[in-house]
Amino acid sequence: MSGSDTGRLAKGLFSGRRQGRLWFVIGALASLAVLAFAVYQFAGRAEPEPMTGIVLSFDDRASINSWGESLQFLQDAGIKATFFVDKFDAMTPEQIETLRELARRGNEIGSHGFRHVNAAQLIEQGMTAEEYLDTEIHPSIQAMKELGFECKSFAYPFGSTSEATDAALKEIFVTIRKVGPVGLYYDGTTAPFVGSQFIDGTNMTEERIEAMILKAQEVGGILSLGAHKIGPEGGVCWCSYDTLKIVADLAKKHRMPFYTMSELAEL
Ligand SMILES: [Zn+2]
């Protein structure tokens, strides 16, 4: 192409009708790009990501001191959890401060009953669900409120449940944790009830935890794991740092976010 050809082409492109056509083409392409982006966004909304994640909970007022000693560990491991506490009226100032610090760090504090009673046993012995609420639930919520904790979730002590208390509790709490396989891979169908597998002790291997995580991803559910005290060693009612580190590392590896119990109700 000679120098004069290039000059003519440039002149043609940037003058008169050709310039108009060029701008029309640019405009059309831009509109198409905007349309494609809008379709992409809409398609993204139409097909939500399958539910996946981990909901971890720790139980009992008797465990609070161990939680207080593990604040840094939990923070470093990137663990967010729900801490279920009974006997809220009988805590030391240090225990209250530990719970407040846990809440400040994004964890949830839930009710584990007022006196940590066995619901199924009491109902069998003739207690009504209303009496159960009056003696075990309302005083617990009230005691939490007096210390500034909003109570949205509940965990049955001993994992002991009854139909009558289930029906009464679901009018009060957004999430109710039980023990066992029903709702262990929570996908919303058992709401507001969530199951759980306890990982205290010394026999919870990386293979077992990873198998549960893979199962949760396969079925599109949130894996619910429970424990009591937290410390360097595992044992009866003690969950070791090693076990929790395995959970945290596998959560990262498999891109499983941690949820609190009441967050499940918002998914
Ligand atoms: Zn308990």
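Me: How many bridges join strand β2 to β3?
Reply: This is a predicted model. Strand β2 covers residues 82-85 and runs parallel to β3. One of the bridge pairs sets Phe84 against Gly110 of β3. The bridges that join β2 to β3 number four.

Me: What is the handedness of the β-α-β crossover from β2 to β3?
Reply: On the way from β2 to β3 the chain passes through helix α5, residues 93-104. This β-α-β crossover is right-handed.

Me: Which residues of strand β3 point the other way from Glu108 and Gly110?
Reply: In a regular strand, side chains alternate between the two faces of the sheet. Strand β3 spans residues 108-111, and its residues are all buried. Glu108 and Gly110 point one way, and the other way point Ile109 and Ser111.

Me: How far apart are the end C-alpha atoms of helix α9?
Reply: Helix α9, residues 206-219, has 14 residues. At 1.5 Å a residue the helix should therefore span 20 Å. The end C-alpha atoms of α9 agree with this, being apart by 20 Å.

Me: What arc do the buried residues of α9 cover around the axis?
Reply: The buried residues of α9 are Ile209, Met212, Ile213 and Ala216. They lie on the same side of α9, because around the axis they cover an arc of only 100 degrees.

Me: Which exposed residues does the face of α9 turned away from its buried side carry?
Reply: The buried residues of α9 pack against β6, β8, β9 and α10. The face turned away from that buried side carries the exposed residues Glu207, Ala211 and Glu218.

Notes: Residues are numbered from 1 along each chain as its sequence is written. This is a predicted model: local features need pLDDT of at least 70, side-chain atom pairs count only at pLDDT 80 or more; totals for chains, interfaces and linings use all residues. A residue is buried if 20 or more other C-beta atoms lie within 10 Å of its own, exposed if 12 or fewer, and partly exposed in between; C-beta atoms are placed from the backbone. Helices (H or I, at least four residues) and strands (E, at least two) are DSSP runs, numbered from the N terminus. Two strands pair if DSSP finds at least two bridges between them. A crossover is right-handed if, with the strands pointing away from the viewer, the path from the first strand over the helix to the second runs clockwise. The expected span of a helix is 1.5 Å times one less than its number of residues. The arc is that of the directions from the helix axis to the C-beta atoms. Two residues are in contact if their C-beta atoms, placed from the backbone, lie within 7 Å.
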